Amino acid sequence: MIALRSTPLRLAVALILVFTGFLAAGLGTAYALMHETLTDDIKTRAEQVIDELRAIPEPEERAERAAEFAASMDPEEMVIAARINGRSIGHQSALTLDEGVVKGTATGLKDERADSYLVRTSEIGADRITVLVGRDSLVELNETFVAILGFSVLPALLLTSAIGMVAVRRTNARVEAIRSTLHALSEGTLSARVSAPHPDTDLGDISRDLNRMAAAQEAATDALRQIGSDIAHDLKTPIQRVALRLERLAETDLPQTTRDEVEAVQTETAQIIGTFQSLLQIAQLEGGQGRESFAPVDLAGLLRDMSEIYEPAVEESGATLDCRIEDPPTVVGDRHLLSRLIANLVENALRHAPGGPIHLALRGPVLSVSDSGPGIVAERREDVLRRLVRLEASRSTPGSGLGLAMVKAIADLHGARLVLGDAQPGLIVTVTFPTGGVELPMV
């Protein structure tokens, strides 16, 4: 269905209305002019007869001339009725008619197919002359214009409207393709493209420009992603070597203060290695790696297991953890990655809402984790799904800003939709898995 707010539809309707208006104005003007001309001609014919009879001074001669007129005229075209010098001439019922237009059947002058007469009456002294001129030419004019309307104008309007609607549908389809592509790009699907741009049109040019822009954006994003992965990969090995040397150093006989410093450096080094490991894994997930291990996963059983694993840590922090499951599905995915997704969400809740209740829920294909912490304002919810983004500008608290980015990468790999919302109070994260699941990889 074409939306009424569609610009192509509005333009097409406007053009059809303009075309119809001009056509109606032209036909109406032509009809009015022709109708006026024919009406004047009918009036002139009646007045010519009356003027000719009025010009005869002698009543007897006028009566004879009127009788000749009445006998020679075709009643379908003209009827003459007169009372001259006491003598009745022509169709007597017409003598009682006043000037104007009368239906022929009302006077008995024509058959039922007749339309009407134009009546002209004149009195010459005591004599009365009435002339009725048939208006068949006006009837023919009406029939002609009805035929023009029925066999020319209406088909032209219908054909124009049909062509306009086809053009609107095609244009709307191209506009919708561009709109869908822009929406997909704004949602982060950088591989989205307008398929088969129409050649040699402005929309085709826009589509090609959009595809070029999307390709450039995708290439730039891939390059940045690759740079980040390369940096993480290249730095991971030397940092691991540093960690190994620190471990060896810690095994030597060191003063206590030096040992404390070494242990602190080991802790920081472990965090750096963990950050690089997470960056590499996110890059691999975004590249599609991991699908080869997909298999059916009992999501309800996995959620119960993760709840039991984290229950001691939750109780130790003074918080509570409850797990509710309704109509659990079986999804296709990687059990280890899905465990990582749930673990990251629970740890995020523990970090930002210590001591408060944490709710795990699985209702059909929708997995949710909610807490009672400060939550995230709507304007920043998309930001925290990016790598290394933290709401705390000072970065004084532990964390790398990769937890929710990892969750998003895992959700995207499984074709699930990730949404951050308001738990009132707190944050609720919902992951909606596809009902049909993700196709298993070919073996």
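This is a predicted model: local features need pLDDT of at least 70, side-chain atom pairs count only at pLDDT 80 or more; totals for chains, interfaces and linings use all residues.
Biologist: Which strands stand at the edges of the open sheet of 5 strands?

Modeller: The sheet has mixed pairing, and its strands follow the order β7-β9-β10-β12-β11. A strand at an edge has a single partner, so one side of it is left without a neighbour in the sheet, and this holds for β7 (320-326) and β11 (417-422). From one strand to the next, the twist averages 15°. The edge strands are therefore β7 and β11.

Biologist: Which residue is the bridge partner of Asp422 in β12?

Modeller: Strand β12 covers residues 427-432, and β11 pairs with it in the antiparallel sense over 6 bridges. In β12, the residue that partners Asp422 is Leu427.

Biologist: Which helices pack on the sheet, and what angles do their directions make with those of β7 and β9?

Modeller: Helix α7 (residues 299-316) touches β7, β9 (357-363) and β10 (366-370) as it packs on the sheet, and its direction makes about 170° with that of β7. Helix α8 (residues 335-352) also packs on the sheet, where it touches β9, β10 and β12.

Biologist: Which element gives the most residues to the lining of the largest cavity?

Modeller: A search of the whole structure finds 1 cavity of 30 Å³ or more, and about 40 Å³ of space lies in the largest cavity. The elements that give two or more residues to its lining are α8 and β12. With 3 residues, the element that gives the most is α8.

Biologist: How many of the residues in the lining of the largest cavity are nonpolar, polar and charged?

Modeller: The lining is made up of Leu345, Asn348, Ala349, Val369, Asp371, Leu427 and Val429. Leu427, which is also the bridge partner of Asp422, is one of these residues. Divided by kind, the lining residues are 5 nonpolar, 1 polar and 1 charged.

Biologist: Which residues are joined by a cis peptide bond?

Modeller: The place to look is the loop between β11 and β12, where Pro425 is found. The bond there has an omega of about 0°, and the residues it joins are Gln424 and Pro425.

Biologist: Which residue takes a positive phi in the hairpin of β1 and β2?

Modeller: Strand β1 (residues 78-84) and strand β2 (residues 87-90) run antiparallel and are joined by 4 bridges, and Ile84 has Arg87 as its bridge partner in β2. The hairpin has 2 residues between the strands, and the one with a positive phi, near 55°, is Asn85.

Biologist: What phi does Asp327 have?

Modeller: Asp327 is found in the loop between β7 and β8 (330-333). Although Asp327 is not a glycine, its phi is positive, at about 50°.

How values were computed:
Residues are numbered from 1 along each chain as its sequence is written. Side-chain values use heavy atoms; hydrogens and water are left out. Two strands pair if DSSP finds at least two bridges between them. Axes are lines fitted to C-alpha atoms, for helices over the stretch in contact, and angles run from 0 to 180 degrees between N-to-C directions. Contact means heavy atoms within 4.5 Å. On a 1 Å grid over the protein atoms alone, a cavity is a set of points where a 1.4 Å probe fits but cannot get out, and a pocket is an open set with protein on both sides within 12 Å along at least five of seven lines; lining residues have an atom within 4 Å of a point. Grid points are joined across faces, edges and corners, and a volume is the space filled by probe spheres set on the points. Ala, Val, Leu, Ile, Met, Phe, Trp, Tyr, Cys and Pro count as nonpolar, Asp, Glu, Lys and Arg as charged, and the others, Gly among them, as polar.
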